[in-house]
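This briefing is meant for a reader meeting the structure for the first time. Please look over the sequence and the model before going on to the notes below.

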Amino acid sequence: MTVALEETRFHQLADETIETLSDVIDDVLGDDLDVDLQSGILTIELDSGEQFIINKHGPNRQVWLSSPVSGASHYDFDEDNETWTSTRGSTTLHDQLSADLAVKTGNKLDLG
């Protein structure tokens, strides 16, 4: 069973992760996508109007991803590996988002 992060640490880790994802995606794909980070919610909009949304969910201490490729997924922070890992398996947030963006853009990003 996963032990919930302490609230302050959760917010620090989640904010840092979302901000880093925003920066990397905007730097690499910003000419092809609309990358917008507002109030801790990262929205990545494709030319087609499809959106990826990444945000933190405080009550569950999770980061949530909504993807036009893989649907909705939730991630707990894995202290041992220092990664956000899916509640449904071993996929990390970074790997899932990278794979889904590659499907939609043709560009495989190394998100970390």
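In the hairpin of E5 and E6, which residue takes a positive phi? Glu82 does, with a phi near 50 degrees, in a hairpin that has four residues between the strands. The model is a predicted one, in which local features need pLDDT of at least 70 and side-chain atom pairs count only at pLDDT 80 or more, while totals for chains, interfaces and linings use all residues. Residues are numbered from 1 along each chain as its sequence is written, and side-chain values use heavy atoms, with hydrogens and water left out. Helices (H or I, at least four residues) and strands (E, at least two) are DSSP runs numbered from the N terminus, and two strands pair if DSSP finds at least two bridges between them.

**The sheet and its helix**

- Six strands make an open sheet in the order E1-E2-E3-E4-E5-E6, and their pairing is antiparallel.
- Strand E1 (34–38) and strand E6 (83–86) stand at the edges with a single partner strand each, so one side of each has no neighbour in the sheet.
- From one strand to the next the twist averages 20 degrees, where axes are lines fitted to C-alpha atoms, for helices over the stretch in contact, and angles run from 0 to 180 degrees between N-to-C directions.
- Helix H1 (residues 7–29) packs on the sheet and touches E1, E2, E3, strand E4 (62–67), strand E5 (71–78) and E6, contact meaning heavy atoms within 4.5 Å.
- The direction of H1 makes about 160 degrees with that of E3.

- E1 and E2 pair in the antiparallel sense over five bridges, and the bridge partner of Leu37 in E2 is Leu42.
- Two residues lie between E1 and E2 in their hairpin, where Ser39 in the turn has a positive phi of about 50 degrees.
- Strand E2 (residues 41–45) pairs with strand E3 (residues 51–57) in the antiparallel sense over four bridges; Leu42 stands opposite Ile54 in E3, and Glu45 stands opposite Gln51 in E3.
- The hairpin of E2 and E3 has five residues between the strands, and Gly49 takes a positive phi near 95 degrees there.

- E4 and E5 run antiparallel and are joined by six bridges, with His74 in E5 as the bridge partner of Trp64, and a hairpin joins the two strands through three residues.
- E5 and E6 pair in the antiparallel sense over four bridges, and Phe77 stands opposite Trp84 in E6.

**Thr43**

- Thr43 has its place in strand E2 and is buried, with a relative accessible area of 18%; buried means under 20%, exposed over 50% and partly exposed in between, for a 1.4 Å probe and protein chains only.
- Not counting residues up to four places away in sequence, Thr43 touches Asp34, Val35, Asp36, Gln51, Phe52 and Ile53.

**The largest pocket**

- About 190 Å³ of space lies in the largest pocket; on a 1 Å grid over the protein atoms alone, a pocket is an open set of points where a 1.4 Å probe fits, with protein on both sides within 12 Å along at least five of seven lines, and lining residues have an atom within 4 Å of a point.
- Among the residues lining this pocket are Arg9, Leu13, Phe77, Glu82, Trp84 and His94.
- H1 gives the largest share of the lining, five residues, and the elements that give two or more residues are H1 and E6.

Note on methods. Points joined across faces, edges and corners; volume = space filled by probe spheres on them.
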